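I opened this model to see how its parts pack together. My notes follow in the order in which I looked things up.

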Amino acid sequence: MELRVLQYFLAVAREENITKAAALLHITQPTLSRQLMQMEEELGVKLFRRGKHNILLTEEGMLLRRRAQEIVDLAEKTEKELKREEEAVSGEIAIGCGETQNMRPLSEMIATFQQKYPDVNFNIHTAIADDVKERLENGTLDLGLLLEPVEISRYHYMRMPLKERWHVLMRRDSHLAEKQKIMPGDLAGVPLIVAERQSVRNALENWFGYDKEKLHVVSTCNISHYNQSVMVESGIGMALVMEFFCSRDTLCLRPLEPALQSGCVLVWKKNQTLSPVMQRFIDHVKEYLERTAQDR
């Protein structure tokens with residue numbers, strides 16, 4: 001029995017319909033029927049009970065199904081192992097990202113991937129979303145870690161596990177520092193340092209609602225928490241930022257209420273041929289995300 005014919009047999013057993021199985025196998029129905037009949041003749045047993053609308057396994061057919069699945073699975077596993085031994089997985093993966101807490105799970109994925117493939121290097125490029133997207137388009141980046149909102153029609157993507165919550169970064173001597181949460185009315189007329197990216201600013205304005213007319217923006221900034229901290233510490237204004245570890249004793253973070261959160265996605269361009277190392281890393285990320293989702 002050929003491995004190919006066993007795969008045909010398993011497809012028919014699974015679909016219980018020759019027409020559907022033939023379509024999935026991309027062969028004609030007469031060809032598939034002929035292969036099954038030849039298999040029965042070779043083994044000298046009836047494998048199927050053919051009905052008007054379906055085809056079911058006999059007892060002999062059920063026994064063959066178990067054995068055939070074992071054989072096919074072993075053949076596939078062996079092929080993968082042989083290819084893995086033949087291929088020296090190496091190369092570079094370039095990832096663009098902003099400052100986000102999701103760098104932590106991404107770093108864990110990179111670390112576990114490099115344990116398996118130590119010859120793979122990662123180039124991390126920190127930039128605002130527009131720069132990351134431009135570099136994805138021109139091919140200088142392979143992947144982008146982007147905060148939402150993102151126009152994802154041009155990308156394949158995987159959603160990262162952590163939600164990013166917006167906070168106000170302020171001086172500890174501010175009159176708002178005594179509050180546990182900051183509401184829209186609290187920021188009316190307060191000098192603010194806000195995101196440079198327009199889509200993010202739109203989301204913040206929607207959070208302010210009717211009070212957005214009272215927004216007093218004194219500066220825009222992209223992704224540098226260090227620069228924002230220095231500006232806030234200097235008294236320029238309060239900064240609307242994603243939560244981060246603030247080590248400055250003179251500053252504090254307070255969350256927005258109602259809570260304003262942003263998701264994060266790992267994206268790559270559609271309609272491109274992936275290198276072997278890229279495909280392996282994407283598969284690795286998918287497995288990691290599926291595993292952590294089950295653990296939560």
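This is a predicted model: local features need pLDDT of at least 70, side-chain atom pairs count only at pLDDT 80 or more; totals for chains, interfaces and linings use all residues.

Residues are numbered from 1 along each chain as its sequence is written, and side-chain values use heavy atoms, with hydrogens and water left out.

**Entry 1, helix H2.** Helices (H or I, at least four residues) and strands (E, at least two) are DSSP runs, numbered from the N terminus. I began at the start of H2, where a side-chain oxygen of Asn 17 comes to within 2.9 Å of the backbone nitrogen of Thr 19. Just after H2, I found His 26 with a positive phi of about 60 degrees.

Which residues of H2 are buried? I took buried as under 20% relative accessible area, exposed as over 50% and partly exposed as in between (1.4 Å probe, protein chains only). Ile 18, Ala 21 and Ala 22 are buried in H2, residues 18–25. Viewed down the axis of H2, they fall within an arc of 100 degrees, so they line one face of the helix; the arc is that of the directions from the helix axis to the C-beta atoms. Lys 20, Ala 23 and Leu 24 are exposed on the other side. The buried residues pack against helix H1 (3–15), helix H3 (29–43) and strand E2 (55–57), with contact meaning heavy atoms within 4.5 Å.

A nonpolar core is a set of buried Ala, Val, Leu, Ile, Met, Phe, Trp, Tyr and Cys residues joined through side-chain atoms within 4.5 Å. The largest has 47 residues, and Ile 93 and Phe 281 are among those that touch the most other members. Helix H9 (residues 276–295) gives the most to this core, with 7 residues. I then looked up a second, separate core of 21 residues, which includes Ala 21 and Phe 9.

I traced an open sheet of 5 strands in the order E4-E3-E5-E13-E6, with mixed pairing. Two strands pair if DSSP finds at least two bridges between them. Its edge strands are E4 (120–126) and E6 (155–159), each pairing on one side only. Strand E3 (residues 91–97) runs parallel to E4, joined by 7 bridges. Glu 92 stands opposite Asn 121 in E4.

Methods
A polar contact is a pair of N or O atoms within 3.5 Å; within protein, one must be able to donate a hydrogen and the other to accept it, and residues adjacent in sequence count only if both atoms are side-chain atoms.
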